[in-house]
Structures are given as C-alpha cells and as structure tokens.
Amino acid sequence: METLLDVRGLKTYFFTEAGVVKAVDGVDFQVGRDEAVGLVGESGSGKTVLGLSVFRIVPQPGKIVSGTITYEGEDLLEKSEEEMRKIRGRKIAMTFQDPTTSLDPLYTVGDQLAEVIREHQKGISKNEAMEKATQLLEMVRISEPSLRVRAYPHELSGGMKQRIAIARALASGPSLLFADEPTTNLDVTVQAQVLELIKELRESQKISLVMITHDMGIVAEMTQRVQVLYAGMVAEVAETHSLFKKPQHPYTEALLQAVPRIDQRKDLRVIPGNIPDLVNPPTGCRFNPRCPYAKDVCSEKAPPLELTDEGHLAACHFWRSLSLTGA
Amino acid sequence: MKKDKSKNATATPENVDERRAAGQWAVAWRRFKRNKAGLAGLFIVLFFFFIGFTSRWLAPYPPRSYQTLYEGEAGQPPSLKHPFGTSKSGLDVYSEVLHGSLGDLYVGVGATAIAVLIGLVIGAIAGYSRGGLGDALLMLSQIFYTIPLLPIILLASRVFLILVAQGFGLTLILLLLGIFGWSGIAFIVRGEILRVRELDYIQASRALGASQARIIFRHVVPNILTPVIVTATLLIAGNILTEVVISFLGFGDANTSTWGLTIQEGYTYIRTEWWTTIFPGLATLFAVLGFNLLGDGLSDALNPRLRD
C-alpha cells in the first residue's frame with residue numbers, strides 16, 4: 001500500500017511555566033492511501049496533539065521539536081506558513097470534537113462552507129460557492145439543504161452540526177481526514193448515523209481516515225489498523241482485528257477490558273491511576289506504575305517498539321511471555 | 001394569556017422561514033424589543049441625542065448667555081417664557097439643559113470611544129501574546145484600574161491651569177477620561193479572546209487553511225464584540241456622571257454649557273431657587289438611567305445563554 005502520511009520520530013513539547021510537557025515524545029505514525037487508521041488513547045495521551053502537529057497548528061506554547069512529517073513525499077515541516085495554508089483543507093482536513101463550538105455562531109452554515117470553498121478556489125463567485133455548499137449539505141445527508149444552508153448554527157441539532165463540520169472539512173476535496181472524536185458529544189443513535197456517514201464518504205470520496213478516539217467500539221467499527229498511544233509514546237500498532245484478538249501490550253489489554261460488555265456478566269474493569277505527569281514522566285516504560293504485570297526492569301529501561309507478529313508492533317519488555325486477553 | 005395566544009397565531013409557516021433566515025442581530029433585536037426597560041432606555045438615549053444635536057435651534061438662548069439679566073428676568077421660577085426658570089446670574093436654565101446635552105453626550109460618548117479603542121488594542125494583544133508582552137499589558141491594565149479617575153483629573157486640571165493659565169476644555173476632559181478609563185474594556189477583551197481563541201471553530205478554520213488575518217477579523221473579533229458593546233454602553237453613563245461631577249466641582253470647562261456647570265451655579269441658592277439645580281440634575285439622572293437601562297437590555301438581548 002502506498003504511504004500517504006509518514007510521521008517519524010515526532011516530538012511535540014509544550015513549554016509551560018510548570019516545565020516542558022512532552023505531549024508527543026518520539027512517535028512514528030503512518031497512514032496508507034485509502035486506509036482508515038485509529039489513533040487510540042486516554043485523554044492526554046497525545047493523540048490530538050499528534051493530529052495538530054501534522055497540520056502545524058499546535059497551539060502556543062506548544063512546538064514541534066524534532067521529527068519529520070512527510071505527506072505524499074513532501075516534508076511538511078519544510079513548508080512555509082503560506083504553503084502550509086494551501087495544504088490545510090485542500091489535502092488534509094480535520095474535524096473537531098465539540099459540535100456545539102465547531103461552527104462559528106455568527107455566520108450561516110452556507111457562509112461557513114462557502115468560506116472554505118472560496119479560500120481554496122480563488123475566483124469562484126459567491127453564488128457558485130453557495131451552490132456548492134448546498135451540494136455539500138446534501139452529501140452529508142442534511143434534509144432540505146437549500147433551506148438549511150441559510151440556517152445559523154444555534155438552529156441546528158448537535159448531530160447536524162457535526163455532519164456540517166464534516167462537510168466543511170471535505171469542502172475542498174482533501175485526501176486525508178483527521179476526525180478528532182467526532183461522536184464524543186452526541187447521542188448514541190446520532191453517533192451511529194455520523195459514523196455511518198463517515199464510512200460512506202470514505203468510499204465515495206476516496207478519503208483516507210485517521211480516527212482519533214478513546215472508544216474501542218468505534219475503532220472496531222471504523223478502522224483497519226490501530227495505533228495505541230500512551231503518555232505521548234506508541235504502545236502498540238497493529239491491524240485492528242489482530243489487536244482485538246491478541247493485544248501485545250498490557251495497556252491495550254486494559255483498554256479492551258474497560259469496554260462494557262453486555263454479553264458477559266462481570267464487573268467493568270477500570271485502569272487504576274491516572275495518565276502520568278508529562279513534565280516528569282515515569283522512568284522506563286511509562287505505563288509501569290499502572291501496569292499489573294510490571295517488574296523491576298520496567299521502571300529501569302524503556303522498552304523498544306518491537307515487531308511481535310506480522311504488522312504488529314508493541315513496546316513491552318514481556319510481550320513474549322505475557323498472554324493477554326483480547327476482546 | 002391573550003397576548004400569548006395572538007403570538008402563537010402569527011407563527012404561520014411563512015414567518016417561521018423568515019425566523020430561520022434571521023441573523024444574530026435580528027435575533028438580538030427581537031429579544032431586545034420584548035424588554036420594556038431596555039426599550040425605555042433606548043428611547044431616553046435617542047431623545048437626549050436628538051435634543052443634543054438640535055439644541056442650537058431648539059434653545060431660545062445661546063450657550064452660557066446671561067441675557068435674561070439684561071431683560072430683567074434673572075432668578076425667576078419656571079414660567080412659559082422660561083420653562084425651567086432662570087438663574088440669579090441670568091442663565092436660562094432650559095437653554096442650558098438643552099446645550100448641556102450636547103456637551104455631556106460629547107464627553108460621555110467620545111471618552112468611551114477612546115477607552116474602547118485603547119482597551120480593544122491592549123486587551124487583544126494581551127489576550128493573543130502569551131508570555132512577556134501579554135503579562136506586561138495585563139499589569140499595565142491593572143495599574144490603570146487602580147488609579148482613581150476623579151483625583152487624577154482634578155489634579156491634571158490644576159496643573160493645566162497653572163501651566164496654560166486657562167481651565168479645561170471639554171475635549172481635554174474627554175481625552176483624560178478616555179486615556180484613564182480603558183482598563184475595564186481591556187480586561188473584558190483579553191478574557192474573551194482567551195475564551196474564543198481556544199474554541200473549536202477557530203481551530204477548525206485554521207486547520208482548513210484560513211489565514212491569521214481572516215481568523216482574527218472574521219471569527220475572533222465579531223465574537224467578542226457583544227460584551228464590549230454592553231460594557232461600553234454602561235461606560236458612557238459613568239463618563240457622563242464623572243463629567244458632571246468635574247464640572248460641578250468647578251474643574252471643567254467654564255465656557256461650554258454642561259449640566260454640572262449649571263448645577264454648580266444654582267446649588268448655593270437651592271432653598272430659594274431650586275429650579276437651577278433640579279432641572280440639569282434631572283437631565284443627568286435620566287441620561288445615566290437611559291444608558292444603564294440600554295446597557296442592561298443589550299446585555300440580556302445579546303447573551304446567548306438566555307437566548308430561546
């Protein structure tokens with residue numbers, strides 16, 4: 001498979017008054033053409049920051065410290081801000097998690113879609129852009145698109161707003177979409193509709209997808225491959241079915257166990273403790289203070305990311321000896 | 001109950017569509033119209049603007065004219081010829097109140113405009129730049145916030161009097177009020193920018209290729225304007241009141257009609273000649289009340305959390 005996005009050794013740090021927060025600390029990440037990759041981890045694991053780094057829109061005081069980000073063979077970190085602006089929206093696009101704030105309350109849906117369209121197609125008239133905006137609404141299954149195009153965000157439901165946010169992200173025909181927790185703040189029924197929509201659009205628009213989420217159910221439903229992040233580092237990378245069947249990292253196992261199951265009568269397992277302080281992360285393996293299998297070596301030496309199976313990488317000293325439970 | 005029914009009856013499909021097309025400002029205006037106090041404030045404010053701008057034609061006497069003294073009509077109570085009476089020194093109080101509207105609105109609105117301008121710029125930079133510059137500007141705002149306005153202006157007036165051997169002009173009061181009165185606006189702008197800049201739609205426009213200028217002028221600034229408008233309206237009331245106090249204390253412009261100046265002329269004789277003090281006092285009261293009601297009304301109308 002042709003590699004579309006190739007991130008190598010990415011380090012994105014936040015230089016705060018409390019110290020340097022190593023939000024992304026040496027992460028490799030690849031997305032192939034037409035592939036759907038899940039980026040999984042708890043809040044604070046660095047999955048969103050990784051996404052923002054690819055767009056080079058990491059908010060202050062964050063900074064990309066080192067690494068390379070290659071998109072279609074071009075190094076994005078070498079681009080000027082002006083060149084980057086032409087890539088954002090046209091080649092890579094992103095949707096954000098909160099549908100209540102993802103649209104500007106002051107402008108109509110049509111205005112906001114037209115803004116993105118006109119940004120990337122200079123010379124297109126306002127009317128043409130509005131026409132295209134209406135088509136986009138139709139594409140994301142908004143009923144009565146010619147009426148809704150004149151609506152303001154406060155007149156729409158959360159699910160509609162999220163679909164419009166997706167339409168806006170796809171307005172200039174990008175080939176890679178980062179969807180940052182697109183369903184976190186939606187009702188369950190609406191969640192299913194939005195996921196279904198993303199799936200369809202992926203087929204019809206030939207879009208590669210990075211699904212940023214902490215929901216293992218969505219990962220199973222939507223992706224072919226998964227990358228599990230923990231405290232700014234890669235814990236495990238695998239094909240989705242392989243990861244669910246045979247996780248090789250205790251953190252992945254814990255994530256899978258933390259999914260409520262209706263078919264098994266047992267208490268829900270939670271992961272003890274919290275995501276570590278990223279200013280002074282634990283030595284050795286960053287998961288060791290919370291890991292039920294941790295031994296002395298875990299706090300002494302950071303485990304390398306090792307090939308454990310075909311297309312399956314894990315960063316655990318004991319991946320050979322542990323037999324972890326899948327889902 | 002009846003009223004509600006008639007409202008429901010007008011919600012035909014056509015004007016439902018009209019509502020759908022209504023923008024933020026139309027929505028705000030609909031809310032504002034329902035607020036009786038705010039509407040009253042708007043009318044009072046418009047009324048004062050009207051008499052301020054037309055005072056030169058409406059007023060029977062020119063500003064600061066003691067002509068009634070020569071007509072032998074000084075110190076008279078309200079009558080048909082002098083609706084608000086005349087002062088002992090010969091001012092026609094009605095004319096002075098009309099002319100005073102222009103002077104006090106000039107100071108109130110002008111000083112607020114300057115404060116808003118400075119506050120917007122300083123607050124915006126303080127909100128945008130994290131680190132040294134932002135901190136320094138925040139501290140500067142806090143310093144200005146602690147400066148008591150009135151003593152500073154009274155002091156400046158004395159110094160000015162000694163240096164130039166002449167009292168304050170209204171424009172100077174306006175400038176001082178503006179230059180020392182921007183900190184409240186700056187705090188609000190800074191806070192709002194800190195709030196808005198992290199919102200998803202700002203991140204989203206950035207992620208979809210919008211330029212920095214477009215983000216600031218199309219998405220950030222319009223979204224922080226409503227609290228600024230509300231605060232500015234209330235600030236106008238405060239500035240008018242401060243101007244009246246300055247003039248009353250005799251530190252203002254002695255050659256231009258203002259309400260404070262007329263109050264000062266009359267207040268020593270308030271027991272026998274109440275009209276010289278009462279009418280400009282009432283004008284001040286209503287103007288300040290009007291701007292405050294308008295500000296409250298705008299605040300209710302523009303607050304998205306209260307929006308139905």
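Q: Let's start with α6(B) and α9(B): which hand does their crossing have?
A: α6(B) passes α9(B) in a right-handed crossing. Right-handed is when the near helix is turned clockwise from the far one by less than a right angle, left-handed when anticlockwise. This is a predicted model, where local features need pLDDT of at least 70, side-chain atom pairs count only at pLDDT 80 or more, and totals for chains, interfaces and linings use all residues. Residues are numbered from 1 along each chain as its sequence is written, and chains are lettered from A and ligands numbered from 1 in the order in which they are written.

Q: And at roughly what angle do the axes of α6 and α9 of chain B cross?
A: Roughly 35°, and the axes of α6 (residues 93–128) and α9 (residues 170–180) of chain B come within 7 Å. Axes here are lines fitted to C-alpha atoms, for helices over the stretch in contact, with angles from 0 to 180 degrees between N-to-C directions. Helices are DSSP runs of H or I with at least four residues, strands are runs of E with at least two, and both are numbered from the N terminus.

Q: Which residues of α6(B) and α9(B) meet?
A: From α6(B) they include B:G103, B:Y106 and B:A111, and from α9(B) they include B:L170, B:I173 and B:G178. Contact means C-beta atoms, placed from the backbone, within 7 Å. The contact has 11 nonpolar, three polar and no charged residues. In that scheme Ala, Val, Leu, Ile, Met, Phe, Trp, Tyr, Cys and Pro are nonpolar, Asp, Glu, Lys and Arg are charged, and the others, Gly among them, are polar.

Q: Where is B:T256?
A: B:T256 lies in the loop between α12 and α13 (259–267) of chain B.

Q: What is B:T256 in contact with, beyond its neighbours within four places in sequence?
A: With B:P63, B:G103 and B:L170. B:T256 counts as buried because it has 21 C-beta neighbours inside 10 Å. The cut-off for buried is 20 or more other C-beta atoms within 10 Å of a residue's own, exposed is 12 or fewer, and partly exposed is in between, with C-beta atoms placed from the backbone.

Q: How many helices and strands does chain B have?
A: Chain B comes to 14 helices and zero strands. Of its 308 residues, 42% count as buried.

Q: And how many are in chain A?
A: Chain A has 11 helices and 12 strands. Buried residues make up 47% of its 327 residues.

Q: Last one: how many residues does each chain give to the contact between A and B?
A: Chain A gives 31 residues and chain B gives 21. α2 (81–87), β6 (92–95), α3 (109–120) and α6 (158–169) of chain A each supply at least two residues of the side that touches chain B. That side of chain A divides into 15 nonpolar, six polar and 10 charged residues.

Terms used. Contact = placed C-beta atoms within 7 Å.
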